[in-house]
Amino acid sequence: MKASTDPPQTKTWPQYVAVLSALLAMFCSGIHMGWTSPTVPKILSDEYLFDVTPEEASYITIIGPLGDIVGNILSSILVDLIGRKFTILLIGVPQLVSMAMIYFSTYSVLLLYVARFIGGISEGSCFTILPLYICEVSEPKIRGLLGASFSLILIYGLLFVNLVGSFFGIFDAALIYIACSLVFMACFSIMPESPYYLIMKNKLEQAKASLRRLRACEDVDLELAALSKDVARQMSEKGRFKDLYAIKSNKMAVIVMIILRVLQQFSGISPFTMYAQLMFKDATDAIPQQWAASLMMLIQSFATLTAVLIVDVIGRKPMILISVGGCCVTLTFNAVFFVLRDYTDVEVSHLGVLPLVGLILFTICFSLGLGSAVNLLLGELFPANVKALAACLLNMIFAVGMLTTTKFYQFMADTFSLVIPFAVFGLFQFVGFVFCWKYVPETKNKTLEQIQQELKGNKDAKGAL
């Protein structure tokens, strides 16, 4: 009887479990990233024990990106030394320390600054390591769905912290956030290591066992052989920092991802998130500020979920173009409204709901591409030997962009009006749309090796499985 040549039937549910367990770290980092939105208004009010000026409160907000930079560097070093799994588990440590400091900040307001910095370390680590782990444990047919879930879980963390922070005091909320980090560490501790990493370390039997768990299939020999070949080729090109610009495919990937990271931050998403409640207080009186901020996060979660479900159908590039173009239009719309409100005699007081509508539409547009597909591309465009270095570089740019845009927004909004930040962010998106149209590659339904071959200019690489 002729032996069957059909590929083994794998199951995807273990990959979903592993990725979602890892993404609990991103949920907790969303809490740290969005913590300032409901908390800064309370720090500025009589509820807090110390007198804090708006300028001092702004530094609590922007010190987090400095921690992001440290987290990027540390995780990029550890990820190839101790592995993806244990580096992800270590993310829980700064999360716990940060929230413990917030709880004990009754003794000193300086603890809030230190806590925000340490929380930033966990954020930076998440943005560096999680896209690598997700792409390395996922099959191509579901990699887009799982990779885009990275952004969805982040939004759920932001929504959660806005709701909890609005209805609980600063210190009670900190205890709730500590519990979330403990749940993450407990769940992820039993997940498998990335087979890519195990092959890189020549631990083939452990890689085989990891693949069996992730595919729920005993016959993984063909996939193990293919992965071993791919990793061997990618690792033959030594992973040095200069390889990011000396090798043509890496250079193109770096340029594309730098521009996309800049577009993410210069859409204004970070200041809009960190100052959500204060921003809505200044922009509109249509609904209470805490409900407006939570509504924006809720809508963002639904839009990101939609993006997650369709990213493998529509493709990465079309969604990024729709996202950048939509952000440009909505930011410009709000800038025009604030010009009319603040610098003309045109009566717009009866149209106070328009900024809210504009921000909601902006949130939807951002979530469809910039907030989902870009993070997925980070794990797809680079070979195994430079993934950690590339993630470190790009997330440092992301952190610097976060710091820059957050302080820029706060200074301009407090000194002048909301017109300038909205107009500047809209201009960045216009220029970015032209770049994305011409240079962003499509990676839908392609293996990581196929993507590498196409970036090298190999037109014979097959595009789909």
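Before clicking, note that the model is predicted: local features need pLDDT of at least 70, side-chain atom pairs count only at pLDDT 80 or more, and totals for chains, interfaces and linings use all residues. Residues are numbered from 1 along each chain as its sequence is written, and side-chain values use heavy atoms, with hydrogens and water left out.

**Select the whole chain.** You'll find 22 helices and zero strands (DSSP runs numbered from the N terminus: H or I of at least four residues for helices, E of at least two for strands). The C-alpha atoms fill a box of roughly 85 × 50 × 40 Å along the principal axes. Colour by burial next: 58% of the 465 residues are buried, meaning under 20% relative accessible area with a 1.4 Å probe, protein chains only.

**Now select residues 248-265 and 373-380.** These are helices α13 and α19, packed at about 155° with axes 10 Å apart; axes are lines fitted to C-alpha atoms over the stretch in contact, and angles run from 0 to 180 degrees between N-to-C directions. The pair is therefore roughly antiparallel, the word for angles over 145 degrees.

**Show the side chains between them.** From α13 come Met257, Leu260, Arg261 and Gln264, which meet Val374, Asn375, Leu377 and Leu378 of α19; contact means heavy atoms within 4.5 Å. By class, that makes five nonpolar, two polar and one charged residues (nonpolar: Ala, Val, Leu, Ile, Met, Phe, Trp, Tyr, Cys and Pro; charged: Asp, Glu, Lys and Arg; polar: the others, Gly among them).

Technical notes
Angles under 35 degrees count as roughly parallel, over 145 as roughly antiparallel, 65 to 115 as roughly perpendicular and the rest as oblique. Buried means under 20% relative accessible area, exposed over 50%, partly exposed in between (1.4 Å probe, protein chains only).
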